[in-house]
Amino acid sequence: MTGPGGRGPMGAPAQQKARSFGPSVKRLVRLLLAYRGFVVTILTATVCAVILTALAPRVLGHATDLVFNGVIGRMLPGDSKDQAVAELRAQGQDTFADMVSSMDVTPGVGVDFTAVGKVLLVVLGLYVGSALLSWLGAYLLNIVVVGTIRRLRADVEAKLHRLPLRYFDTVPRGDLLSRVTNDLDNLSQSLQQTVSQFLYSALTVVAILVMMVSISPLLALISVATVPLALVATAQIAKRSKPHFVAQWSSTGKLNAQVEEAFTGHELVQAFGRQAEVEDEFDTRNDKLYHSSWRAQFISGMVQPAIMFLGNLNYVAVAVVGGLQVASGSLSLGSVQAFIQYSRQFTMPLTQIGAMFNLLQSGVASAERIFDILDADEQSPDPADPRTPQTNSGRIGFDDVSFRYVPDKPLIENLTLVAEPGHMVAIVGPTGAGKTTLVNLIMRFYDVDSGTIRVDGVDSRTMTRDDLRERTGMVLQDSWLFGGTIYENIAYGDPTASREEVMAAAELSHVDHFVRALPDGYDTVLDEEGGGVSAGERQLITIARAFLAKPVILILDEATSSVDTRTELLIQQAMANLRTDRTSFVIAHRLSTIRDADVIIVMEEGHIVEQGTHEELLAARGAYRDLYVSQFTGPAEEDPETVSVHGG
């Protein structure tokens, strides 16, 4: 089909909208919240798991105190703690005395291992409970993420069916496939690897901060002092790495488009000896993808080392100040031990968030490319109160129709034409004259800019697209077959047809005679490229499909342009059968195929310059005669007598 403006070999590049990180993340969160019940359960389980994990070091610190108190108690002189403290002060050990006075010790009594064992069992229970709740949250989150991606994939599929043909004319097929497959898979992996860990880490930071403040506000202040530095470092690194992630996935789409194009036209590339050129183009795009990926991973990878460095500084400060507080009796050894554990747990989530940031940014970049599809302008909706033609004769009327692919480049201007029921209308003209565009307008692949196209007296824009297209059958120059049997490919024209109807369509289209020669007959499996049958046989199968659909209006777009003479005769016979009692539009460069047309329309630059029968147009000695002479006579034979002989 003719696209706007004539795309280059790779097509027009997809436009990458620049959006900020925040709105895209919020949009993803809204998608996840569709599973609200699961999300509430996940949050509850994660909060409980974090609380249990946060309590464990504090309880374990109590076990440390029991052991330390027992060791110190066995060493102390006297019968009571007060007596032991007094003796230590008398000996000049005031610092040690201050520490002992803040401890729960009994001189001469060692470690109470029974009490220590009970505390350790409590700690074990806390960790087991936390692990089970974490597993439950992760299990439910996996359901939410997989379900969200499934729904998002379905939304993209449904959106593609609502997009106008103009969109597909401007986006390379390989890039579109990359968005629908690679970007969705990357988003799924990013969500599965980051959402659970991010949620757990964020809640852990809050819980640990509460526990640290309850132990020592001073030490908590020292720990929190590094957080602003970590946030600033993360924000700056993220700001510099995001454009590279966007470029990475954009380059991936363009590379896929180039690979898809090169392998689809593999035979043509070899025929013209362009392998080196294709390899050079691939290397260029591959290098661009390599550099954008390397920069994205390198820059985003700096987050984790930066946060770890700040965490180590924080650890040193807490250890020094905490040791002084133990020595002065302000804190117990178990409390400092618990705080140091909390300090490591406080920086660990920040480190994990930093490590996940490259995954998160990569996922958001892919999400933006998917959102580009979902936000694309859709084709105009069908009317709320559609009209249906009262007759089903196939009369098509163009009333002062104008259309442009590009606003400042006129294509079809003020076209008026009537195709009577059962007539064959042939459309000829040079490339770019607007022939295929004309049938695209009939099918409403594009809507007219002005004027009206009427189907049996009804404006096609007041009909639903399904109603319009059910009345229409198309056989294109490029035969399209899907992976499946020959029978299934023919039955695609009418899934409700019986096997007898499918066979009858195959016989009328001359498919039956070559299919029966195949080992598996109608059960022969074809690949997506129609491998196993020739180009002409593929075309006959598409004609059989059109037969089965029983359209009132038939469109044949260069259906015999790429086949041999014998196959062309078979296709012409099949199309002649197919055109019986149907209004048909035939686009052809081979004028021999349209001599019997009821009316031949000659188009140039979107205008009808001539119309009439084959004999009338030859006699008029105009544009049609020039086209005919160029095909059937040499330069020395361009005289009226010669033309009339060929015309007969």
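## Terms and model

Helices are DSSP runs of H or I with at least four residues, numbered from the N terminus. The model is predicted, so to speak of local features requires pLDDT of at least 70, while side-chain atom pairs count only at pLDDT 80 or more and totals for chains, interfaces and linings use all residues. Residues are numbered from 1 along each chain as its sequence is written, and side-chain values use heavy atoms, with hydrogens and water left out.

## Surface patches

Helix α5 (residues 113-162) gives the most to a nonpolar surface patch, contributing four residues. The patch is formed by Phe38, Trp135, Leu136, Tyr139 and Ile143, which together have about 490 Å² of accessible area; patch members have over 30% relative accessible area and no salt bridge, with nonpolar side chains joined within 5 Å and like charges within 9 Å. Tyr139, which lies in helix α5, is partly exposed at a relative accessible area of 46%, where buried means under 20%, exposed over 50% and partly exposed in between (1.4 Å probe, protein chains only).

A patch of negative charge also gathers on the surface, from Glu279, Asp280, Asp283 and Asp287. Asp287 belongs to helix α11 (residues 275-300) and is partly exposed, with a relative accessible area of 43%.

## Helix α19

Helix α19 (residues 535-549) has 15 residues and reaches 22 Å from its first C-alpha to its last, close to the 21 Å expected at 1.5 Å a residue. Eleven of the 15 residues of α19 are buried, so this helix is largely enclosed by the rest of the structure; among the buried residues are Gly536, Gln539, Arg545 and Phe547. After α19 comes Lys550, whose phi is positive, near 50°.

Notes
Accessible areas come from the Shrake-Rupley method with a 1.4 Å probe; for residues, only the protein chains shown count as cover. A salt bridge is a side-chain nitrogen of Lys or Arg within 4 Å of a carboxyl oxygen of Asp or Glu. Lys and Arg count as positive and Asp and Glu as negative; His and the chain ends are not counted. The place of a charge is taken as NZ of Lys, CZ of Arg, CG of Asp or CD of Glu. Helices (H or I, at least four residues) and strands (E, at least two) are DSSP runs, numbered from the N terminus. The expected span of a helix is 1.5 Å times one less than its number of residues.
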